[in-house]
Amino acid sequence: MVAENLISTAVLPLRTSDTGKQALSVMEDFNVRHLPIVNNLVLLGLVSEEDIFIHNIHEPVGSYELSIQRYRVKRTDHLYEVMRLLAEHSLTVIPVVDEEENYLGMISLEDVLNYFAKTAAFSDSGSIVVLEFQHRGYSLAEIARLVEAEGAAILSTFVTSFPESSTVEVTLKINRQDIRNILRAFDRFGYETKASFNEEEYLDALQERFDALMNYLSV
């Protein structure tokens with residue numbers, strides 16, 4: 001999945017002549033806190049709610065001094081690069097440009113969340129297992145072999161590392177509701193199971209978190 005496949009057509013960028021008041025209205029309508037400013041096809045930058053509140057809301061945004069750098073992704077950048085920029089800079093949207101730096105559109109945080117919610121890793125039935133171990137003990141090939149030996153398959157993996165710790169967490173989505181034999185296999189090979197969930201428990205917890213995030217974005 002690359003950036004151009006996630007471009008939203010619902011939200012239009014701001015023009016330099018749009019006022020801060022107009023920008024706030026668009027942000028409220030689409031539950032975002034940032035919007036790109038575009039002059040023809042040239043991306044000038046991102047304006048935030050904070051930028052608007054420290055300026056005169058009746059003045060055009062083109063006259064504002066922007067606090068955010070000119071963050072953007074290329075149309076061919078991977079989804080992970082989109083996620084990295086959104087997370088590292090606490091952005092609610094990220095502009096997309098082509099090879100000539102022409103503005104193509106934007107991707108919102110909600111677009112990314114909706115994409116993941118529709119992928120097989122979330123929609124297919126199965127269970128979730130969270131393993132914890134030392135960095136040097138991590139072998140995805142061995143973990144996959146243990147799962148496949150029980151007639152199951154890994155649908156997705158997510159690795160979490162901790163800067164001040166030598167441990168990592170690997171979250172697995174497995175296409176099996178009954179994973180008791182798999183958990184016993186992990187235990188035999190020295191893998192510590194930090195948590196495990198069946199599909200119903202996991203989806204309930206995921207839905208609660210998704211709803212909480214959507215409520216936060218609506219504030």
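Which residues form a nonpolar patch on the surface, and how much accessible area do they have together? Select Y138, L140 and V159: these form the patch, with about 220 Å² of accessible area together. A patch is made of residues with over 30% relative accessible area and no salt bridge, where nonpolar side chains (Val, Leu, Ile, Met, Phe, Trp, Tyr) are joined within 5 Å and like charges within 9 Å. A salt bridge here is a side-chain nitrogen of Lys or Arg within 4 Å of a carboxyl oxygen of Asp or Glu. The areas come from the Shrake-Rupley method with a 1.4 Å probe, and for residues only the protein chains shown count as cover.

Before going on, keep in mind that this is a predicted model, in which local features need pLDDT of at least 70 and side-chain atom pairs count only at pLDDT 80 or more, while totals for chains, interfaces and linings use all residues. Residues are numbered from 1 along each chain as its sequence is written, and side-chain values use heavy atoms, with hydrogens and water left out.

**Stop 1: from the patch to its strand**

Stay on V159, which lies in strand β7. Strands (E, at least two residues) and helices (H or I, at least four) are DSSP runs, numbered from the N terminus. V159 counts as partly exposed because its relative accessibility is 40%; buried means under 20% relative accessible area, exposed over 50%, and partly exposed in between (1.4 Å probe, protein chains only).

**Stop 2: the four-stranded sheet**

Now show the whole sheet around β7. Its 4 strands follow the order β7-β8-β6-β9, in an open sheet with antiparallel pairing. Each of β7 (154-161) and β9 (192-198) has a single partner strand, so one side of each is left without a neighbour in the sheet. From one strand to the next, the twist averages 15°.

Two strands pair if DSSP finds at least two bridges between them. Select 127-134 and 167-174 to see β6 and β8, antiparallel strands joined by 8 bridges. In this pair, F133 stands opposite V168 in β8. Contact means heavy atoms within 4.5 Å. Axes are lines fitted to C-alpha atoms, for helices over the stretch in contact, and angles run from 0 to 180 degrees between N-to-C directions.

**Stop 3: the three-stranded sheet**

Move to the open sheet of 3 strands, ordered β3-β4-β5 with mixed pairing. Its edge strands, β3 (73-74) and β5 (103-108), each pair on one side only. Helix α3 (residues 79-88) packs on this sheet and touches β3, β4 and β5, its direction making about 135° with that of β4.

Is β4 mostly covered or mostly exposed? Select 93-97: 5 of the 5 residues of β4 are buried. V93, P95 and V97 point one way, I94 and V96 the other.

Color the two pairings of β4 separately. With β3, β4 runs parallel through 2 bridges, and K74 stands opposite V97. With β5, β4 runs antiparallel through 5 bridges, and V96 stands opposite G105.

**Stop 4: two positive phi values**

Finish in the loops. S90, in the loop between α3 and β4, has a positive phi near 50° although this residue is not glycine. E101 sits in the turn of the β4 and β5 hairpin, which has 5 residues between its strands, and has a positive phi of about 70°. E101 counts as partly exposed because its relative accessibility is 21%.
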